[in-house]
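Below are some notes for a colleague who has not looked at this structure before. Please read them with the model open.

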There are 2 protein chains.
Amino acid sequence: MSASTNDMSYILAPNPEARGLSRVVQGRDQTGALVDINVVEERPLTIFLNASEIVTAMTIGDYPEYLALGFLRNQGMLTDADTLLGVDYDEESEAVVVRTKQVTEFEGKLEKKTRTSGCAVGTVFGDMMEGLEGLTLPASNISVSDIYALSHKINQTPSIYLSAGAIHGTVLCEGARPLVYMEDVGRHNAVDKVAGWMLSQGAGAEGKLLYTTGRLTSEMVIKCALMGIPALVSRSGFTAWGVEIAQQVGLTLIGRMRGQRFMCLSGEERLIWDETP
Amino acid sequence: MSASTNDMSYILAPNPEARGLSRVVQGRDQTGALVDINVVEERPLTIFLNASEIVTAMTIGDYPEYLALGFLRNQGMLTDADTLLGVDYDEESEAVVVRTKQVTEFEGKLEKKTRTSGCAVGTVFGDMMEGLEGLTLPASNISVSDIYALSHKINQTPSIYLSAGAIHGTVLCEGARPLVYMEDVGRHNAVDKVAGWMLSQGAGAEGKLLYTTGRLTSEMVIKCALMGIPALVSRSGFTAWGVEIAQQVGLTLIGRMRGQRFMCLSGEERLIWDETP
């Protein structure tokens, strides 16, 4: 199952040298000495669904179209029933407009909701949970040696994390190969950008694995499940509800992945134990 | 300036033994062996401002009233102009209602906004930035030895972080004394709970310092500044915009605080360099 550890042929990898993603600021260290430090950028991006302003996200700024698409999709605001007409990013107004052929079901709900009690964004979580009903993730095999290889490759990949820190990464993987590596200020944005890429490329989720540097909270687990990806791996910890939802939908959930150590909380039947440390 | 390093007399400290904040789940480690792991809880809490549903936050569940109050205050939805009538938490419906004597200015805006383009929550960030205009944080002295002492004490304090991980902490401090230590699944919730505590106690911000385990992003810096606290310290990193806003309002910003090392990005004139490693 394992590919070569040197297989770094990403479809999309971080570009830490890209203009506008980080900048050097001056600070003083504990001795009072002046030091130059490379720091990630952070800027607002307002996401519109047709005429409705949905949210302003804080983002590093790359792939705004993927972020908007993936966000709307992962929140259940954009579904398979909606026909996409276009995604337009305007740099000056720091906004992305996602346009669909017809008014979405979500916009209908939003209008109804805002007429009664103010704002519908707060209730979206319920909609996300609803999307999980009846969901079953496909069976697949995941070899432990592939997980080790992935973790090693991802940690070695030049990234904004390595050059500036204070950023989260999410990587779409298949077997031992990392395919698409997105980074962002918030851990949810990085996942949403991967979802937006998948949606725009028509990429299937079967046999894929999602690696993230962020914690495995309920929302992270729900997003992975709604994306149809059967396995979620993180170097960070997890919450009880995250574990509970993963068990409910049969997602393979692995946390605290560091070096040769990890903890599998759910979906262990997918694991092939071909390597023990 | 420095108090004794053993001065652990918190007004409010974490209670890792409290029922309902963590639970034991079973997982498998990298050898396939079954292991019991203590994991933080996470549950939804819907915050209402009078009749308006504002947001559903994911929280560990303690101090829902402080979280709601602090959230509304830090988002600029609740101001000094509003007279608080009460804060009611209903466990069954997982909701908190903050009631004011008169309809708040924010609700008026919300109503106007939702009539035109859907939802006002997305635009709140602009309101937060507006709140910074003309803001000047008070002069104060912060000795480096106090910062070292605080960091040491906080790391030694029994917490959910130490017993379960995957959680953020925020501590309101004065001199070398940590006063109020809040923890939550999201780093913003922990800060909001401190703000809610301050608001309900009428506690002043002068001479205080805020310590957080989370990253120093724009929103974190804005919240600290709006709370009137002149210094913000974190063991994590920072974003360029976070640094920029701190410089703009004259906030002392310290990041990457680990052991005897730290980086001061702004407001160094408050620092008294009485200890060098």
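Predicted model: local features only at pLDDT ≥ 70, side-chain atom pairs only at ≥ 80, totals over all residues.

1. Chain A holds 8 helices and 14 strands. With a radius of gyration of 19 Å, close to the 19 Å given by the globule rule for 277 residues, chain A is as compact as a globular protein of that length.

2. Extent. The C-alpha trace of chain A spans about 60 × 55 × 30 Å along its principal axes.

3. Burial and contacts. Of the 277 residues in chain A, 52% are buried. Among contacts in chain A with a separation of 6 or more, 55% are between residues 24 or more positions apart.

4. Domains. Chain A is divided into two parts: domain 1 covers 43-129 and domain 2 covers 142-272. Taken over C-alpha atoms, the centres of domain 1 and domain 2 of chain A are 24 Å apart.

5. Where the domains touch. In chain A, 15 residues of domain 1 are in contact with 18 residues of domain 2. On the domain 1 side, β4 (52-59) and α1 (64-74) of chain A each supply at least two residues. The most comes from α1(A), which gives 9 residues to that side.

6. Which kinds of residue make up the side of domain 1 of chain A that touches domain 2 of chain A? The residues there divide into 10 nonpolar, 3 polar and 2 charged.

Notes. Residues numbered from 1 in each chain as written. Chains lettered and ligands numbered in written order. Helix = DSSP H or I, 4+ residues; strand = E, 2+ residues; numbered from the N terminus. Rg over C-alpha atoms; globule rule 2.2 N^0.38 Å. Buried ≥ 20, exposed ≤ 12 C-beta atoms within 10 Å, placed from the backbone. Contact = placed C-beta atoms within 7 Å. Domains from an automatic or database assignment. Nonpolar A, V, L, I, M, F, W, Y, C, P; charged D, E, K, R; others polar.
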